[in-house]
Structure formats: C-alpha cells, structure tokens
Amino acid sequence: MRTRPVILHLDLDAFFSAVEQLHKPSLRGKPVIVGGTGRRGVVATASYEARRFGVGSAMSIVEARRRCPNAAYLTPRFQAYRAASRVVMGLLAEVSPVIEQMSVDEAYVDLTPTRPGIDVPAVTELAEQVRHRIHETTGLTASIGVGTSKLVAKIGSDLNKPDGLTVVAPGTEREVLAPLPVRRLPGIGPATQERLHKYGMHTVGEVAAATEREIVGILGQSHGTAVHQHSLGIDNRELEPERDAKSVSAEETFASDLTDRRELMDHARRMAGRVVGRITKDGLCARTITIKVRSYDFSTITRSFTLDQPTDSLNKIMSCIRQLLDAVEVSDGIRLLGVGVAGLTDFAQTDLLSDLLAELGDDPDERLPDQTTDRTAGQTPDDTATGFGWTAELRDTDGTAPGTPHDWRPGQDVQHAERGPGWVQGAGLGRVTVRFEGPHTGPGPVRTFRTDDPDLAPAEAPTW
DNA sequence: TCTGGGGTCCTAGGACCC
DNA sequence: TCTGGGGTCCTAGGACCC
C-alpha cells in the first residue's frame, strides 16, 4: 500500500508590504499599500494595518486612498521581493527536495519522501520550526497548512492566517471543509460561486451532499468533476516541481487612452522587446503571437497569429503585431495594449528558404507573415518606416529617455552621495523627498532635494 | 473613483484531413 | 450529389489564480 501523502503549503503573509516594512523601519506597524500609484493603479498588497481600513487586493488605488489616506503608498520593488523569496524557498529546500513554487510568495512542499508516515504531532512541530526559521532568517511571517493533499494543505494555510498553522489530520478532511463557503475551494471564483448559489449551494458540505452528476450538470464535465471531488476532500494532484512556461507576455495600461496607431506601435515594440528578451534569455522560440487590446469601455479583445516556424526575431514578431493591430479599431481610445507569445520551443527550426534569401540580401523578416495589401485607410506610406518606433529605441529600460530627470517612484531605493542609502517617500513639483534608513537602522530622517540633484541616484534594493 | 500584470486551463466553432 | 464521423490545429473568449 502507498504511503499516505503529507503535503505542506506555505504562504507568506502580506508579502510585498511585509518586505517594505522590513526594509523601511519607519513603516513598521503602519498601514502600507503596494501597487500602481497612478490614477489607474490597483492595490497589489495591503499590510494588515491597512486592511483594517477596508483596503484589499485589486482595489483601485483611488478608492484605497479614500479609505486609508494616511497609508504609505509604494510602487512594487520586485527585485527585493524575489531576493526575499529565494531565501525562503532555500529554507524550504532544507526540509524536502520536492517543492512546487506557485508564485513569489507561495509554495507546496511534499514531505512524503523525506518524512514518510510522519504523525500529526511531529508534523506540527516541523511546520512550526519552518515558520520560526523563516522569521528568524528574514523577519517575514508565514502561514502554513499541512494535509494529505495540495487541496487540504492550501485551504489549511488560509484558515489561520496571518502567522498561523493548521494541520488537518488524516481522515478529518471532509469535516474541516464542509462548513466553508464554496468560494474557498480553489477553482471557484465569482462566476462559479454565483452558479452554485443559484442552486442553493453555499457551503462545501452542500456541494459534497449533491451527486457528481448534479454538479457536472451545473458546472460541466471537467470543472464539475473536479469541484465535486474537492468538496469531498479528494485531490490526487501530484506536485510538479519543474514546469516549463507555456507563454510569455507583457501588457500595459496607459495613463490615458491612446488613439494614435504610431504611438501604440511604439509601445508594442517596447513590450515585444521585453518579451523577446525574456524568451531568448532562455533560448526559446515562439510560434504564436498574440495582441490584447482593451478599449476605453474596458471591452477586451485578443488577436493571434501562428507562424509556420517558431521564431525569436523581434522583426518577425513586430511584423506580425503590426498586421494584427492594423485590423483593430483604435479611434475610440485604447486603454491597454498587450503582446504575448506562445507555442514555445527550445530551438528554432532552421528555415532553409529564409537563410537562402538572407544570403541573397532579401531580408525575409520584412516579408513575414504574408503581407496583405489592404492596409488600414488613413495611413501614410512613410508610416511603415517610422511605425516600428524609433522613439522606443531611445528609451532606457525603465522608460526614461536618457538625459532626462529620473521619474522618482515612491518606495524606490536611492543612494545619496553624502547621506548614503534611503528611499523615495514622495516626489513632485521638482522636489523629491527621501528617508534615510535601511533594514538594520532605526527609523531615519527625511530630507528633500531637487529632482535633478546630481548627488542623488537610483540604487539596488538592500540585501538580506 | 472604475477595474494591474503575469500567467494557466477550458470551451467552442471552423478548417482541414482521412 | 449528398451525407457521415473522428482527430487535430487554430482562434477567441472566459474563468481563475497570485
């Protein structure tokens, strides 16, 4: 008989804002909100102090500011979060080599191979040790759930957060799940919740009491069987430690809607450059190119094209994007543009014809995919020449043109020639306010500088 | 005061081939 | 000439997750 699985799920509490509070001592114990800070920004993470004011994930920043005007509003520092994440994942690796990292702040650990048959008291102690080690090493708090499956572990980590532990004893899965709202089951979002409510099912127990046929009738074959199994506490999914990416994309919501095709193409080229940079770094090529266009009214479409051969050529991909975008109406205003690639393979099929044509000086990149002649009305002939966006090539990776003042972002790490490391507390009207403190100092003093002060420079995030 | 950015998986229809 | 079924690929959209 197979040994019963023992799965641990770890979730770092209010991760982004917790890292900010560690790096910025003056913010400890205070409401901190990390997210986009523009008019169209949303909350990525609110600290627990901010959640008390009713601020939550995905809320618009404008609404958050109304509810909690005194919070610190910071733009994300992904480098710092990735660094903290690596430390935590390293600690998990000491417990078991079988880890599936779900995101920067979440992972499953399979204890079955290293701790077969471990009992509830022992696994409770182990999980507490892990939480303690994480806090000791990073200062972060984590919530952990332990159970006989990913499903139960995941739900467990949610039951006692923040800074908590739930061990679901084998055999008690159904009774633990039964009273929970259906929404707590993974895979049940607003739409599925609504459908189940319509049939009078509000708790996991109510779904479990129905037959699989009934649930399949409501949710369809695939989703229905999974949800019904989950409601019974049954989940046979294995951990998948190494998963290859299936797609890579970049998208951007503009500060105000765009109607100019050339401007849109400039943004497309910049984003495609990021996408190509990421796939070529991994030695990958892509066959399907997708654009995503969100209009002023939030209606969203995607358009895609699949090439005969995978490519990592920015020119080829841009040629594709141009044709896809040409067929989209933009005159009413575009709020968001995205570009993505899929059909990833780790080699480019050598295209003998392209190679031959390239040798003859006829660049095939400019001819793929099949060029259509019915170009959108109103475009001038020289649009083709400028359309790829020479302006984009003059920009730094952070989008700032060289030689222009930095657009200081709240939360950003900086270095002052005399005063040392600090972070941007706010900027505007030609002034930038910096607080000089770090992970290992007490709360530090604040000074204000001109935004173009030569003594002030962007800096790397502090290390752990 | 409208609603980010990075993904995964599923469905459904049409094209195309056998 | 009409009528099939199955399988695969492509495209578009939607639900969901962090």
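A polar contact is a pair of N or O atoms within 3.5 Å. Keep that in mind for the first view of this predicted model.

**View 1. Polar contacts with DNA strand B.** A polar backbone atom of glutamate 251 sits 2.5 Å from a phosphate oxygen of DNA strand B. Arginine 335 also reaches a phosphate oxygen, this time with a polar side-chain atom, at 2.9 Å. Glutamate 63 turns to a base instead: one of its polar side-chain atoms is 2.3 Å from a base oxygen of DNA strand B.

**View 2. The protein surface around DNA strand B.** Of the atoms of DNA strand B that come within 4 Å of the protein, 66% belong to sugar and phosphate. Which elements give two or more residues to this surface? They are helix 3 (61-67), strand 9 and strand 12 (334-342). Strand 9 has the largest share, with 7 residues. Sorted by class, the surface holds 11 charged, 8 nonpolar and 5 polar residues.

**View 3. The largest nonpolar core.** Now look inside the protein. In soluble globular proteins, nonpolar side chains tend to be buried together. The largest nonpolar core here has 37 residues, and Leu10, Ile134 and Leu140 touch the most other members. At least two residues each come from several elements, including strand 1 (7-12), helix 1 (15-23), helix 5 (120-138) and strand 7 (142-147). Helix 4 gives the largest share, 7 residues.

**View 4. Around isoleucine 134.** What does isoleucine 134 touch, leaving aside residues up to four places away in sequence? Its partners are Leu10, Leu12, Val88, Leu91, Gly139, Leu140 and Ala142. Another core, of 31 residues, lies apart from the largest one; among its members are Ala250, Val293, Val341 and Leu344.

**View 5. Arginine 40 and aspartate 257.** Side chains of opposite charge can pair when their charged atoms come close. The structure holds 21 salt bridges, and one of them joins the side chains of arginine 40 and aspartate 257, at 2.9 Å from N to O. Arginine 40 belongs to the loop between strand 2 and strand 3 (43-46), while aspartate 257 is in strand 9 (residues 247-258), so the pair ties together parts 217 residues apart in sequence. Arginine 40 is partly exposed, at 28% relative accessible area, and aspartate 257 is partly exposed too, at 29%.

**View 6. Arginine 131 and aspartate 163.** Here the side chains of arginine 131 and aspartate 163 form a salt bridge of 2.8 Å, N to O. The two are 32 residues apart: arginine 131 is in helix 5, and aspartate 163 is in the loop between helix 6 (150-159) and strand 8 (165-167). Is arginine 131 buried or exposed? With a relative accessible area of 12%, arginine 131 is buried, because buried means under 20%. Aspartate 163, at 42%, is partly exposed.

View 7. Glutamate 240 forms a salt bridge with arginine 243, their closest N and O atoms being 4.0 Å apart. Glutamate 240 is partly exposed at 43% relative accessibility, whereas arginine 243 counts as exposed at 55%. Elsewhere, a network of salt bridges links Asp11, Asp158, Lys161 and Arg184.

Technical notes
Residues numbered from 1 in each chain as written. Chains lettered and ligands numbered in written order. Predicted model: local features only at pLDDT ≥ 70, side-chain atom pairs only at ≥ 80, totals over all residues. Heavy atoms only, no water. Core = buried A, V, L, I, M, F, W, Y, C linked by side-chain atoms within 4.5 Å. Buried < 20%, exposed > 50% of the residue type's maximum accessible area, 1.4 Å probe, protein only. Helix = DSSP H or I, 4+ residues; strand = E, 2+ residues; numbered from the N terminus. Contact = heavy atoms within 4.5 Å. Near = heavy atom within 4 Å. Polar contact = N/O pair within 3.5 Å; in protein donor to acceptor, adjacent residues only side chain to side chain. Nonpolar A, V, L, I, M, F, W, Y, C, P; charged D, E, K, R; others polar.
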